Amino acid sequence: MLMDDKKRALWRICVGAVIGVLAYLFLSWFTQPGALFGGSMGFAFTFCFNSNVPEAVGAALGFLLWGAFGAETALSTLPFAETGKTVVLRSAAHFFIMALTLWAWVWLNFPYEPLPSLILTFLVPFAAVYALVWLIRWVRWYFELTAIRKKLGLGKKGGHL
């Protein structure tokens, strides 16, 4: 598991999954008002644009993917680890899991689009935002640690923080 505190992680995963599904429903309604429950089978969800799968399967996969993405996002709100190497490894694992979830959603919704276009439209912005958020969190953690060490009177005697 990506987290050391499994109980807190499980709670956040559940809450994140619910928020992800609610976001899916809201964005479906917002982008196509009236289409949320008006399809041929009684419902038509946005985010299943050109899919090769039947409408009901696409809707179920949409719920699953948005729930997974919500859970993964919620999981990222906990600290990954206390040591540098573990932080990097767990961050990389989290990034790749989120990227795979995003790619599954892209593949479900845009199967006929050219691959370079999809990468530039979805994966590159995702990677840039992920890296920016990770860097901001790391810098914040570094300054918090520096302040704690300063209050305790522990300078940089060890060579690094």
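1. A word on terms first: a residue is buried when its relative accessible area is under 20%, exposed when that value is over 50%, and partly exposed in between (1.4 Å probe, protein chains only). Please keep in mind that this is a predicted model, in which local features need pLDDT of at least 70, side-chain atom pairs count only at pLDDT 80 or more, and totals for chains, interfaces and linings use all residues. Residues are numbered from 1 along each chain as its sequence is written, and side-chain values use heavy atoms, with hydrogens and water left out.

2. The expected span of a helix is 1.5 Å times one less than its number of residues. Helix 1 has 26 residues and so should span 38 Å, which agrees with the 36 Å between its end C-alpha atoms.

3. Which residues of helix 1 are buried? They include Ala9, Gly16, Gly20, Tyr24 and Ser28. Helix 2 is among the elements that cover the buried residues of helix 1, where contact means heavy atoms within 4.5 Å.

4. Now to the aromatic rings. Rings of Phe, Tyr and Trp (its six-membered ring) pair if their centres lie within 6.5 Å; planes under 30 degrees apart are stacked, over 60 edge-to-face, and the rest tilted. The count by this rule is 12 aromatic pairs. One of them is Tyr24 with Phe63, edge-to-face, with 5.0 Å from centre to centre and 80° between the planes. This pair links distant parts of the chain, as Tyr24 sits in helix 1 (residues 6-31) and Phe63 in helix 2 (residues 55-75), 39 residues apart. Tyr24 is buried, because its relative accessibility is 0%, while Phe63 is partly exposed at 27%.

5. Elsewhere, one aromatic cluster is formed by Phe95, Phe96, Phe126 and Tyr130.

6. Finally, take a look at Val139, which is found in helix 4. Its relative accessible area is 33%, so Val139 is partly exposed.

Conventions: Helices (H or I, at least four residues) and strands (E, at least two) are DSSP runs, numbered from the N terminus.
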